[in-house]
Amino acid sequence: PINYGTIKSGTAVSFDGVNDYVDTGSTFQSTFRGSHSVSCWVKLDDGRPSSFNKFIGAKNSSSEDAQYFGVYNDGSLVYYYKSNGNATQRQTSVYFPDGATGWTHLVAVADSTAGNTSWVKIYANGVEVTGGSTDSSSGVTFSDYTSTENLYLGTQSFNGSPSSDYFTGDVANVKIFNTLLTEAQIKEQFLNREQILPTGVSSS
């Protein structure tokens, strides 16, 4: 992507929904092998896009390990995680209205110890988005995640290349944590857009 927008004093990457993506250069394998949180600011060209849009994601060649964070065409949010063939998915109730949206802070937290119906929670602007559905395999073992595929922004990587489901809009301040952010930490990040790390989280 070569187009940029502005969010406070920072910058955002603009994705055209056709072929734009960013290769992060990292698999984040050790992070996805345990409890983790994915945080980003997004501004959608359409809160109910014509097709599924993925903000971020990766999938290995065997499709045994994968994850993505995105929005369905009905405006609901989804975070999907798969490890060694066993998957869990949290899809919220409808969140975004039809049409262009303002900046929204989104966080998905995946708890490796929570159990089948509570693996994943999704927050928008500091508040958990409830409703919707949760689908899970009975034996999701996060430590079995061994994908060596780099994580992409603006779509999901698949076997070293971008897949379909490109995102149309702007993304900023993407952060991936190898810990579960609390609701208080998530709200702190929402209220302080330029804050790098929430209270109690170190960079080491």
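# Close-up views of the chain

Figure 1. Leu77 is buried, its relative accessible area being 0%; the term buried denotes a relative accessible area under 20%, exposed denotes over 50%, and partly exposed covers the values in between (1.4 Å probe, protein chains only). The structure is a predicted model, in which local features need pLDDT of at least 70 and side-chain atom pairs count only at pLDDT 80 or more, while totals for chains, interfaces and linings use all residues. Residues are numbered from 1 along each chain as its sequence is written, and side-chain values use heavy atoms, with hydrogens and water left out. Leu77 belongs to strand 7; helices (H or I, at least four residues) and strands (E, at least two) are DSSP runs numbered from the N terminus. Neighbours within four places in sequence aside, Leu77 is in contact (heavy atoms within 4.5 Å) with Phe55, Gly70, Val71, Arg90, Gln91, Thr92, Ser93, Tyr95, Phe96, Leu106, Ile122 and Val129. Between the C-alpha atoms of Leu77 and Phe52, which are 25 residues apart along the chain, the separation is 10 Å.

**Figure 2. The largest nonpolar core.** A nonpolar core is a set of buried Ala, Val, Leu, Ile, Met, Phe, Trp, Tyr and Cys residues joined through side-chain atoms within 4.5 Å. The largest such core has 30 residues, of which Phe55, Phe69, Leu77, Tyr79 and Leu106 touch the most other members. Two or more residues each are given to this core by strand 4, strand 5, strand 6 (66–71), strand 7 (76–83), strand 9 and strand 10. Strand 4 provides the largest share, four residues. In soluble globular proteins, nonpolar side chains tend to be buried together. Leu106 touches Val38, Ser39, Cys40, Val42, Phe55, Phe69, Leu77, Tyr123 and Ala124, when residues up to four places away in sequence are not counted.

Figure 3. Within helix 2 (residues 183–191), the buried residues are Gln185, Ile186, Glu188 and Gln189. Viewed down the axis of helix 2, these buried residues fall within an arc of 160°, so they line one face of the helix; the arc is that of the directions from the helix axis to the C-beta atoms. The partners against which the buried residues of helix 2 pack are strand 4 (36–44), strand 9 (104–110), strand 10 (120–124) and strand 16. On the face of helix 2 turned away from its buried side are the exposed residues Ala184 and Leu191.

**Figure 4. The salt bridge between Lys54 and Asp165.** A salt bridge is a side-chain nitrogen of Lys or Arg within 4 Å of a carboxyl oxygen of Asp or Glu. By this rule the count is one salt bridge. Lys54 forms a salt bridge with Asp165, and their closest N and O atoms are 3.2 Å apart. Lys54 lies in strand 5 (residues 53–59) and Asp165 in the loop between strand 15 (161–162) and strand 16 (168–177), so the pair ties together parts that are 111 residues apart in sequence. Side chains of opposite charge can pair when their charged atoms come close. Lys54 is buried at a relative accessible area of 6%, whereas Asp165 is partly exposed at 21%. The backbone of Asp165 has a phi near 65°, a positive value in a residue other than glycine.

Figure 5. Ser63 is situated in the loop between strand 5 and strand 6. Its phi is near 60°, a positive value in a residue other than glycine. With a relative accessibility of 23%, Ser63 is partly exposed. Ser147 is located in the loop between strand 12 (133–136) and strand 13 (152–153). Ser147 is buried, with a relative accessible area of 1%. Residues up to four places away in sequence not being counted, Ser147 touches Thr27, Gln29, Asn60 and Asp65.

**Figure 6. The whole chain, as context for the close-up views.** Two helices and 16 strands make up the secondary structure of the chain. The C-alpha trace spans about 40 × 35 × 35 Å along its principal axes. For 204 residues, a compact globule would have a radius of gyration near 17 Å, and the 16 Å of the chain agrees with this; the radius of gyration is taken over C-alpha atoms, and the globule rule is 2.2 Å times the number of residues to the power 0.38. Of the 204 residues in the chain, 48% are buried. Among contacts between residues at least 6 apart in sequence, 64% join residues at least 24 apart.
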